[in-house]
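Here are a few friendly notes to read alongside the model. Take them one at a time, and keep the 3D view open as you go.

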Amino acid sequence: MGSTRVYTNDSDRVILGLYGIFIIYHGLNQGKIYRPHHPALIWHILSGTLEVILYYGDFNCSIAAVVACWVHSYTSLTLVKGLPNGYPPHTRPAYQAGSIMRTIQVVRAYYTQNPMDYHDSMMPLHGFVYTRALIFLLGTMGPTRSFVQNVNSPFVYAESVLGAALISVSHCHGSWPVLVYLTLMHLLGKISLWISEDHESRKESGLAEPILIKTLRWAGFVMHKVPPNSRTAPLIGYLPMDNIGDRWAKQ
């Protein structure tokens, strides 16, 4: 205990309030979720929850915080490998960039024991609740009065993920975090494109694939082409508490 909390443009009331709303939403939906079961999901949830408890419980950045962050980031990379939501060629790098940034930031925070460094390592985590808030806002503002139709547009999810990432990363101090995040996201997208093209080229030519390329493809750094008007993601907007969004969309 004894950590001195610091702030930039973030607000505990807003962030913890959004988590509270999500917990209530999830509880009233009786734990039902849209995502198919994945063995990494429970570890992703538990590690993220532990991170929030440790940070907002005013603990110092400890080994437990580092391990929780690394587990959360690793499981995030695992979960987005096959992510069908949004526009995967853009949505996947948006997730990957934040996860990679945090693994570095939390190590720095542990070694410096600087409250601001710990703060910065935590902020990108909140992209989770910001994404849900933006999905609700964008899904209820149009282009139709059908909440289900709106939120199942790939544009809504893709815009929400990137928008949430930029909001959460902007809570980090200084002018560099957003620039670093966008640069990293762009590089990951370009690397994924290069890996995909190299893989296809070697496949057509019958050439062996280097271990590095195989490893990166296994890790999810690959660009899957999305056919126009394709629908691979599970439909959302049908859980009991989604009625709130449906009612507001009709106003």
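**Notes on the helix packing**

1. Let's begin with a crossing: H3 and H4 cross in a left-handed way (the near helix is turned anticlockwise from the far one by less than a right angle; clockwise would be right-handed). Helices here are DSSP runs of H or I with at least four residues, numbered from the N terminus.

2. Before going on, please note that this is a predicted model, where local features need pLDDT of at least 70 and side-chain atom pairs count only at pLDDT 80 or more, while totals for chains, interfaces and linings use all residues. Residues are numbered from 1 along each chain as its sequence is written, and side-chain values use heavy atoms, leaving out hydrogens and water.

3. Back to the pair. The axes of H3 (residues 63–80) and H4 (residues 88–112) come within 9 Å and cross at roughly 165°; axes are lines fitted to C-alpha atoms over the stretch in contact, with angles from 0 to 180 degrees between N-to-C directions. H3 and H4 are therefore roughly antiparallel (over 145 degrees).

4. Which residues of H3 and H4 meet? On the H3 side they include Cys 69, Trp 70 and Leu 77, and on the H4 side Tyr 95, Gln 96 and Val 106, where contact means heavy atoms within 4.5 Å. By class, this contact of H3 with H4 has eleven nonpolar, six polar and two charged residues (Ala, Val, Leu, Ile, Met, Phe, Trp, Tyr, Cys and Pro count as nonpolar, Asp, Glu, Lys and Arg as charged, the others, Gly among them, as polar).

5. Have a look at Gln 96, which sits in helix H4. Gln 96 counts as buried because its relative accessibility is 1% (buried means under 20% relative accessible area, with a 1.4 Å probe and protein chains only). Leaving aside residues up to four places away in sequence, Gln 96 touches Leu 77, Val 80, Leu 188, Gly 220 and Phe 221.

6. Next comes H2 (residues 41–56). Its buried residues, among them Leu 41, His 44 and Glu 51, pack against H1 (12–28), H3, H4 and H5 (115–122). Just after H2, Asp 58 has a positive phi of about 65°.

7. How do H2 and H5 cross? Their axes come within 11 Å, at roughly 150°, so H2 and H5 are roughly antiparallel. Glu 51, Val 52, Leu 54, Tyr 55 and Tyr 56 of H2 make the contact with Tyr 118, His 119 and Met 122 of H5.

Definitions and conventions:
Helix = DSSP H or I, 4+ residues; strand = E, 2+ residues; numbered from the N terminus. Parallel < 35°, antiparallel > 145°, perpendicular 65-115°, else oblique. Buried < 20%, exposed > 50% of the residue type's maximum accessible area, 1.4 Å probe, protein only.
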